[in-house]
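Biologist: Hi, can you walk me through this one? I have just opened it.
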Amino acid sequence: MNIPNILTLARIAFIPLLVMVFYLPFSWSMPLAAGLFAIASITDWLDGYLARRWDQSTPFGAFLDPVADKLMVAVALALLIERYDAIWLTLPALVIIGREIVISALREWMAEMGKRGTVAVSWIGKYKTTLQMVSIFILLGFSPGSLIANLGVLTLFVAAALTLWSMVQYLRAAWPHLSRAM
């Protein structure tokens, strides 16, 4: 157990706390939920940075980090789908969640074939992640219909577009291996 792995585990521990705070009937619950999500998002960057800088990358961390990221994002998006109860937020949220499931399965399958590097994280994936984290932070912290929340929805649409673009890139890179296995 090292600090990067502890940060990853803390991100998972934040999930029930985020849900609890989200449902509190107080005016400060939305900004607090956004703050918790922001802290979790920062630990996502920090654990990877520290693991590389301190040469503390572990197989456990390599497995757990993307799981923690996907869980946090999926839970936050599910909460937002309920809060907004609108197709214009539900569609990009489902695109993001669906893509994460597809790419996770693809990476697992490619790893079994010894080709995990074929579907490594790209720069588009990093931009997508940044935009979706910013969008979720905004959408958690501000009331639906406010100008800043509308900016958050727009940012979520851009993140969803990058999500689809990166999924196509991953599938293209993996296609030669996938088509041989059919």
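Modeller: Start with two helices: α1 and α2 are roughly antiparallel to each other (that label needs an angle over 145 degrees; under 35 is roughly parallel, 65 to 115 roughly perpendicular, and the rest oblique). Helices here are DSSP runs of H or I with at least four residues, numbered from the N terminus.

Biologist: What kind of model is this, and how are residues numbered?
Modeller: It is a predicted model: local features need pLDDT of at least 70, side-chain atom pairs count only at pLDDT 80 or more, and totals for chains, interfaces and linings use all residues. Residues are numbered from 1 along each chain as its sequence is written, and side-chain values use heavy atoms, with hydrogens and water left out.

Biologist: Back to the helices. At what angle do the axes of α1 and α2 cross?
Modeller: At roughly 165°. Helix α1 covers residues 3-22, helix α2 covers residues 29-53, and their axes come within 9 Å. Axes are lines fitted to C-alpha atoms over the stretch in contact, with angles from 0 to 180 degrees between N-to-C directions.

Biologist: Which residues of α1 and α2 meet?
Modeller: From α1, they include L7, F14 and L18. From α2, they include L32, L36 and L50. Contact means heavy atoms within 4.5 Å.

Biologist: How do the residues of that contact divide: nonpolar, polar, charged?
Modeller: Into 16 nonpolar, three polar and three charged. Nonpolar covers Ala, Val, Leu, Ile, Met, Phe, Trp, Tyr, Cys and Pro; charged covers Asp, Glu, Lys and Arg; the others, Gly among them, are polar.

Biologist: New topic. How many aromatic pairs are there?
Modeller: Six. Rings of Phe, Tyr and Trp (its six-membered ring) pair if their centres lie within 6.5 Å; planes under 30 degrees apart are stacked, over 60 edge-to-face, and the rest tilted. F26 and W28 are stacked, at 4.9 Å centre to centre with 10° between the planes.

Biologist: Which residues do ring pairs link into a cluster?
Modeller: W123, Y127 and W165.
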